[in-house]
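Student: I would like a close look at one part of this model, the place where two chains meet. Please go through it in one connected account.

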Amino acid sequence: MRYAMAVDTKKCVGCSDCVVACQTENNVPMGFCRDWVVEVMDGTYPQLEMEIRSERCNHCVNSPCVRCCPTGASHFAEGGIVLVKETECIGCGACIASCPYDARYPHPDGYVDKCTFCIHRIKKGMKPACVEVCPTKCMYFGDLDDANSDVSIVLKKRKYKVLIPEAGTDPQLYFLI
Amino acid sequence: MKEELIVSGRMNPMIDPSLNIWHWQIPLYLFLGGMAAGILCIAALYYIRGREKDYYTAVRITPFLAPILLVLGLLALFIDLRHKLYFWQLYTNIKLQSPMSWGAWTLMVITPVSFIWCALHIRDIFPEWDWKYKWLKDLEAFFNRFKKTLAWVMLIYGLILGIYTGILLSAFNARPLWNTSILGPLFLASGLSAGAAATLIMSKDKAERKQFAKIDLVIIGIELFLIIHMFMGYLASTQVQIEAAEMFLGGQYTVSFWVFVVILGLLMPALLEILELQKLHIPALISPLLVIFGSLMLRFIIVYAGQVSRYLY
């Protein structure tokens, strides 16, 4: 099993619904977020090109955060989802420094927090909150090992990219271009 | 032109606009740990080589600083933790891939060893010292019998401690400035020179001072070589590392790095020590204090600048 997510940059309008849905679903403390929207403007007027991306933890296969964690609090759960065990995290910040995507933040309660792909929802057969709520349906989630999952199907049909492949992390958040 | 902005109002105060996760505690610890490692390595090395009589201060007196430095460093590390009451989780497993994990275990070995080393030499400081209890006296006799083994442990773990302070940073490939393996040897060299400077401050013996001025000179040469090598590596590497190097070559850290670390921390003390070896009269404290200051500034500047350097995508 290999969970992954694909975000369609052609469909995303940057409404931030995914951000709010995540904050509500996961009770994210004020001022923090587990996912966020990036708007990239490329070129010089009038030749402008815009890309909008809903970003979050990339649940990398070769995760620097899992590697750097001194206690094993950062670990792989089923399907390669990267999770933090709150009671093992000492809040040293090594994983935050090791993440090229800056996907982690220190929770005010002391441990480090991040996107979980809404593992509590997946276990019940539901989609992650951000995917569920997206008004343009620009996000696809599923198991890459299953050829019939939403994400496998869309990645077969469309061109895609990942962020900072040169960091060698093998990220599992795909952006359709 | 490429402009990138986060439109969802993300405000992670510890990350945006640039990573802000480690403050004074970490560079201070890296300095204290590195200096303690330097002191212990030099003491162990000269003891093993049987030069205890020639370098009395370095082997028997300066090591009294090490436990103090280590305890202060550990305190700084503890203050840095955000989930303080869970710190013991460091010692429930060994993660070989995480430099922080084997750093924690190294400290677990070297801190007690440094205390034992001091206990064996306590009468050099307090000639009237009495352990009072028989079991403490037996313990002293036991460690005295295995002093050479103890010195080997101290040497090896001192080297690991000195190198690990650099490897800790270079394991983070997300921060291009840190992601160079030169940081390990550079921080070890910097720690050794700070350790040698400590003996230079404490020793009153002319021959010993001369020897340690020479040691400091050699290590300063090695450090300069490593720094040049580090920048050659950055400039011949990928775009993100070129940009990381540019922070020191015209960017925001140029003045602080070249003035505080290279000129005041390396070139000045080297010059003063050369003049002193030429028998010119120079106040003895200036050069070792500059070396220690440079060593401290190196840690601060690398830790802070590393958090600014990042991948752009």
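Tutor: Start with one pair: in E1(B), Leu5(B) is the bridge partner of Glu39(A). This is a predicted model, in which local features need pLDDT of at least 70 and side-chain atom pairs count only at pLDDT 80 or more, while totals for chains, interfaces and linings use all residues. Residues are numbered from 1 along each chain as its sequence is written, and chains are lettered from A and ligands numbered from 1 in the order in which they are written.

Helices (H or I, at least four residues) and strands (E, at least two) are DSSP runs, numbered from the N terminus. Two strands pair if DSSP finds at least two bridges between them. Strand E2 of chain A, residues 36-44, runs antiparallel to E1(B) and is joined to it by five bridges. Another position in this pairing is Val38(A), which stands opposite Ile6(B).

The strand on the chain B side, E1 (residues 2-6), is hardly covered: of its five residues, the count that is buried is zero. Here a residue is buried if 20 or more other C-beta atoms lie within 10 Å of its own, exposed if 12 or fewer, and partly exposed in between, with C-beta atoms placed from the backbone. Helix H8(B) is another case: 17 of its 20 residues are buried, so it is largely enclosed by the rest of the structure.

Now the whole contact between the chains. It involves 45 residues of chain A and 39 residues of chain B, where contact puts the C-beta atoms, placed from the backbone, within 7 Å. On the side of chain A that touches chain B, at least two residues each come from E2, helix H2 (64-68), helix H3 (94-98) and strand E6 (105-106). E2(A) gives the largest share of that side, nine residues. By type, the residues on that side of chain A are 26 nonpolar, 13 polar and six charged. Ala, Val, Leu, Ile, Met, Phe, Trp, Tyr, Cys and Pro count as nonpolar, Asp, Glu, Lys and Arg as charged, and the others, Gly among them, as polar.

As for chain A itself, it has six helices and 10 strands. Of its 177 residues, 46% are buried. Its C-alpha atoms fill a box of roughly 50 × 40 × 35 Å along the principal axes.

Note on methods:
Contact = placed C-beta atoms within 7 Å.
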